[in-house]
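Today I'm looking up sheets and helices, one entry at a time.

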Amino acid sequence: MSERSPHAGAPITATDEEIAAALEDVSIPTLVLSMVHMTGDASWLTRSGFRPVGLFLNEIQGFMDERSRAEVRRHALEVITAYRDGGSELPPPPSAALVQEMMSWLVCEPVPDEYVPMMLEELDFDGSDPRRVDWSGIDESVRADLPVVIVGCGMSGLLAGVRLGEAGIPYTIVEKNAGVGGTWFENQYPGARVDVGNHFYCYSFEPSDHWTEFFSQQPELQTYFQRVMERHGVDRHVRWETEVDRMVWDEEHATWRVTVSGAGGDEVLEARAVITAVGQLNRPKLPDIDGIDSFDGPAFHSARWDHSVDLTGKRVALIGAGASGFQIAPAIAEQVAELHVFQRTAQWMFPNPHYHEAVADGVRWAMRHLPFYARWYRFLLFWPACDGGMAAARIDPEWDDGSRSISAINDMARGMFTDWITGQVGDDPELLAKVIPDYPATGKRTLQDDGSWLQTLVRDDVELHRASIRAITPTGVTTADGHVDVDVIVFATGFHGTRFLWPMEIVGRDGATLQDSWGATPAAHLGISTPGFPNLFSMYGPGTNLASGGSLIFHSECQMRWIEHCLQRLAGGAATVEATDTATKDWFDRTQAELDTMVWTHPSIEHSWYKSNDGRIYGLSPWRLVDYWDWTREPDPADLEIR
Ligand code: N01
């Protein structure tokens with residue numbers, strides 16, 4: 001407690017000139033909030049001309065004009081140099097009331113009370129990392145007697161390892177790959193990058209000043225996870241290239257027996273609790289197309305990219321153009337001789353000028369040195385994109401516009417996205433007809449675009465095929481419109497995202513398997529705990545994927561806090577902990593009812609990996625991040641069955 005907050009910034013040693021240069025790059029509204037921290041003076045918020053005048057996704061200057069921005073920079077230079085010369089000492093932090101005022105000021109609209117505790121936690125004024133659960137009251141020997149197996153060392157499994165390590169709980173991570181990162185380890189296709197702003201898509205307790213791009217590419221993400229793993233000493237707990245095949249609950253000993261297979265053969269690990277952290281997108285899905293195995297040339301899935309195949313001068317078929325194909329096409333178009341993109345359904349895309357942009361040196365300096373700058377920048381990303389972005393996805397029952405749109409605001413989004421697409425395609429009605437989706441905006445995962453996708457499609461050596469694929473032959477792809485000869489086929493056809501925890505076999509109390517218990521409707525309380533499967537916790541389980549904008553890392557941190565509280569029940573003497581039937585059913589019913597009000601369930605969307613075979617959606621969360629954050633702060637005792 002009462003340490004300097006890690007978000008207060010490193011002491012400033014830069015010269016006046018260096019500071020002035022850095023200020024040219026930064027988000028000015030965010031800078032003003034840092035000035036409030038440095039001076040303890042809230043009057044910066046009410047100075048004439050200092051205020052952001054509007055909010056929009058990816059608009060980080062609050063639409064302030066250049067004259068106002070220059071004026072803020074001039075004052076900021078004085079504030080920062082004085083702060084530097086005073087030894088980078090901060091006055092007492094702002095009150096909760098002032099924090100709320102700062103939040104509302106930054107996003108140009110009143111921010112409700114319920115967001116303030118979440119923001120105070122993010123700001124972490126006393127450096128206590130408040131999202132971490134306090135284990136200090138529990139005897140070390142008790143903690144040492146609580147071995148946990150974590151399945152998967154991707155983003156969430158790594159987080160679980162970090163937290164259990166801090167808690168002093170022995171753990172083993174079983175990871176099928178040879179390295180950390182999960183989906184970021186596996187998806188090494190050209191052009192792979194995150195499409196959630198990296199300054200939010202990162203661990204809350206780690207610095208975020210190092211990102212070189214606002215939306216990092218796969219190698220940088222992989223390096224990030226590697227570095228976090230090493231810094232927290234998680235690597236020595238991981239069994240690489242080892243898979244969990246099966247786990248069986250032993251009621252008598254209140255223990256899971258986890259069968260793993262690796263290079264050394266099979267082995268059974270024993271654990272008081274198991275945390276599954278396998279993600280939803282880790283089993284590649286190949287399409288059911290006639291002759292798929294008959295092709296003579298190289299053919300591979302986007303998540304199993306074959307780097308030994310040189311695409312230079314080749315004719316390439318890219319089958320599938322969801323989030324992966326959309327990134328692959330622009331990245332390889334220049335290199336190949338011909339690119340044939342086979343897209344079954346057109347995608348909506350959001351204009352984002354920062355999508356491929358480097359983070360300027362001045363921004364990185366500000367993130368590293370200016371008190372709470374990076375935290376406020378994170379909030380500026382969060383507010384319009386996450387909870388704020390849900391409005392356009394909610395169905396207005398009074399709105400009747402067929403498959404065009406689902407509400408007035410959704411219709412506005414459609415108009416904006418359509419203008420963005422039309423403005424780039426120009427006078428090519430044939431292409432335009434192919435690229436404008438025929439379902440409401442945001443109905444599938446909305447892609448981020450800086451123009452590179454459509455610039456690729458209008459190239460002479462690139463062709464977009466929308467006719468359905470009839471077959472794959474030894475020489476290429478046959479559609480309803482004819483045959484295309486190619487040298488290489490890339491399947492960017494997605495994952496078995498609706499088959500949760502598959503293909504592991506999980507046998508719970510009384511010999512019931514999880515797959516049988518769930519049947520076609522996977523249901524876990526908060527997406528984490530399932531009755532009949534004691535001491536088994538899922539991260540990124542059913543009902544927790546974010547389709548409306550949001551960081552899954554944030555969600556995982558919420559889940560891990562809830563799980564740690566459950567583990568504390570075991571440390572406190574309980575043999576088992578699991579969600580009650582009532583809590584699970586209630587959560588499932590509420591989530592389903594809410595999903596029915598959201599665009600992703602709209603009947604006009606024929607193909608979507610969000611939808612299960614029965615047409616319903618079990619993987620997505622329809623909830624605001626602030627709700628999920630609140631519900632997972634601590635388990636409600638009434639929701640838990642403890643034996
Ligand atoms: O997979 P997808 P993905 N015949 O399932 C097509 C995350 N992600 O790997 O749209 C012809 O979205 C299918 O067509 P349709 C993100 O959560 C994130 O691209 O179903 N086509 C579609 O075009 C994303 O949602 C990033 O009609 C067939 C494509 O294959 C998730 O991963 C980057 C077909 C599959 O699209 C999955 O994305 C990449 C068939 N039989 C991925 N079967 C970030 O940037 C399927 N298709 C963070």
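Before anything else, I wrote down the pairing rule: two strands pair if DSSP finds at least two bridges between them. Helices (H or I, at least four residues) and strands (E, at least two) are DSSP runs, numbered from the N terminus.

I also noted what I'm working with: a predicted model, where local features need pLDDT of at least 70, side-chain atom pairs count only at pLDDT 80 or more, and totals for chains, interfaces and linings use all residues. Residues are numbered from 1 along each chain as its sequence is written, and side-chain values use heavy atoms, with hydrogens and water left out.

**Entry: the four-stranded sheet.** I looked up S5 (residues 255–262) and found it joined to S6 by seven bridges, running antiparallel. Val 258 has Leu 269 in S6 as its bridge partner. These strands belong to an open sheet of four, ordered S6-S5-S4-S18, with mixed pairing. Its edge strands, pairing on one side only, are S6 (265–271) and S18 (505–507).

**Entry: the five-stranded sheet.** Here I read the order S3-S2-S1-S7-S19, an open sheet with parallel pairing. At the edges I found S3 (238–239) and S19 (536–538), each pairing on one side only. S1 (residues 148–151) and S7 (residues 273–276) pair in the parallel sense over four bridges, and Ile 150 has Ile 275 in S7 as its bridge partner.

**Entry: helix H17.** How many of the 20 residues of H17 are buried? I got 19, so I call this helix mostly covered (buried means under 20% relative accessible area, exposed over 50%, partly exposed in between, with a 1.4 Å probe and protein chains only). At its start, a side-chain oxygen of Ser 551 comes to within 3.2 Å of the backbone nitrogen of Ile 553. After H17 comes Gly 573, with a positive phi near 120°.

**Entry: helix H13.** H13 (residues 408–425) has 18 residues and reaches 26 Å from its first C-alpha to its last, close to the 26 Å expected at 1.5 Å a residue (the expected span is 1.5 Å times one less than the number of residues). Which residues are buried? I listed Asn 410, Ala 413, Arg 414, Phe 417, Thr 418, Ile 421 and Val 425. They sit on the same side of H13 because they cover an arc of only 130° around the axis (the arc is that of the directions from the helix axis to the C-beta atoms). On the other side, I found Met 412, Asp 419 and Gly 423 exposed. Gly 426 follows H13, and its phi is positive, near 70°.

How values were computed:
A polar contact is a pair of N or O atoms within 3.5 Å; within protein, one must be able to donate a hydrogen and the other to accept it, and residues adjacent in sequence count only if both atoms are side-chain atoms.
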